[in-house]
Amino acid sequence: MLEYFVSFSIFAFIASWLLRQLIRGAMPARCASRRRLDGKTAVVTGANVGIGFETARDLAQRGARVLIACRDVAQGENAARLINGDVDVVKLDLSDLNSVRRCAKHINHNEERLDILVNNAGLFGCGESRTADGYEMHMAVNHLGHFLLTNLLLDKMRRTGEDVRIVNVSSREHLRGKMHLDDLHFKQRPYSRT
Ligand SMILES: NC(=O)c1ccc[n+]([C@@H]2O[C@H](COP(=O)([O-])OP(=O)(O)OC[C@H]3O[C@@H](n4cnc5c(N)ncnc54)[C@H](OP(=O)(O)O)[C@@H]3O)[C@@H](O)[C@H]2O)c1
């Protein structure tokens with residue numbers, strides 16, 4: 001019995017180590033690309049902190065002009081100062097569709113091109129709350145705001161060329177929940193995180 005237990009423990013240890021190596025290899029923690037992005041323009045939402053900030057920094061270091069789209073312009077400007085490159089800030093509150101429209105208008109009027117759009121900003125676990133438009137907050141910030149922003153910037157991206165890219169940052173958290181497609185904003189059923 002003891003022998004069986006020891007062999008099983010060794011097998012489980014080796015299997016979990018191999019799995020970790022496999023996941024690490026498949027999903028590097030850092031961007032490994034060295035491709036230069038000189039002359040290209042990128043917009044990264046929620047780039048004042050976190051993953052968005054690191055993304056903006058990496059794109060700027062590889063030569064791209066980067067627009068930090070965030071709701072707190074002062075924080076965005078702080079972040080821009082920390083990045084050594086061609087970085088500007090544009091106000092974007094994804095919970096307010098008018099702010100999304102203003103942000104898109106600003107980019108469409110002021111930028112010559114748009115090569116990369118990273119829809120990174122996200123909200124998780126803020127509890128039950130609604131936007132001024134009456135939408136459930138997570139649905140509004142994580143989905144509707146970015147959906148509208150993307151659509152309003154599509155023409156600019158199409159005109160920029162064929163080598164353009166839109167990245168939607170997501171999370172595996174959705175695997176734990178369930179979409180209520182008939183009641184996306186919890187208007188009929190009680191609010192629940194899942
Ligand atoms: N970190 C993780 O382990 C992880 C795992 C899976 C997926 N993700 C995804 O990765 C993305 C970035 O995550 P993170 O960890 O870097 O998050 P974070 O540090 O919390 O940053 C979130 C960003 O979203 C912005 N944001 C929130 N509400 C907004 C609104 N109404 N309008 C505009 N911007 C708003 C925040 O702005 P403020 O600074 O003003 O609040 C902040 O810039 C998210 O989409 C998240 O779901 C993260």
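By class, how many nonpolar, polar and charged residues does the shell around the ligand have?

Author: This is a predicted model, in which local features need pLDDT of at least 70 and side-chain atom pairs count only at pLDDT 80 or more, while totals for chains, interfaces and linings use all residues. Residues are numbered from 1 along each chain as its sequence is written.

The shell around the ligand has 10 nonpolar, eight polar and three charged residues, where Ala, Val, Leu, Ile, Met, Phe, Trp, Tyr, Cys and Pro count as nonpolar, Asp, Glu, Lys and Arg as charged, and the others, Gly among them, as polar. In total, 21 residues surround the ligand, and the closest are Gly 46, Gly 50, Ala 121, Gly 122 and Ser 171; a residue counts as near when its C-beta atom, placed from the backbone, lies within 6 Å of the molecule. Helix α2, residues 50–61, gives the largest share of this shell, three residues. Helices (H or I, at least four residues) and strands (E, at least two) are DSSP runs, numbered from the N terminus.

Gly 50 itself lies in helix α2, and it counts as exposed because 12 other C-beta atoms lie within 10 Å. The cut-offs behind that word are these: a residue is buried if 20 or more other C-beta atoms lie within 10 Å of its own, exposed if 12 or fewer, and partly exposed in between, with C-beta atoms placed from the backbone. Gly 50 and Ala 121 are 71 residues apart along the chain, and their C-alpha atoms are separated by 9.4 Å.

Leaving aside neighbours within four places in sequence, Ala 56 is in contact with Val 44, Ala 47, Val 66, Ile 68, Ile 83 and Val 87, contact meaning that the C-beta atoms of two residues, placed from the backbone, lie within 7 Å. Ile 68, whose place is in strand β2, counts as buried because it has 28 C-beta neighbours inside 10 Å. Not counting residues up to four places away in sequence, Ile 68 touches Val 44, Ala 47, Asn 48, Ala 56, Gly 76, Ala 79, Ala 80, Val 87 and Val 89. Ile 68 and Gly 52 are 16 residues apart along the chain, with 8.5 Å between their C-alpha atoms.

Three of the residues that Ile 68 touches, Gly 76, Ala 79 and Ala 80, are the buried residues of α3. Seen down the axis of α3, its buried residues fall within an arc of 100°, so they line one face of the helix; the arc is that of the directions from the helix axis to the C-beta atoms. An α-helix has 3.6 residues a turn, so residues three or four places apart point the same way. The buried residues of α3 pack against α2, β2 and β3, whereas the face turned away from its buried side carries the exposed residues Ala 74, Arg 81 and Leu 82.

In the loop between α2 and β2 we find Ala 64, which is buried because 23 other C-beta atoms lie within 10 Å. With neighbours within four places left aside, the contacts of Ala 64 are Leu 37, Lys 40, Thr 41, Ala 42, Leu 59 and Ile 116.

Of its 194 residues, 28% are buried.
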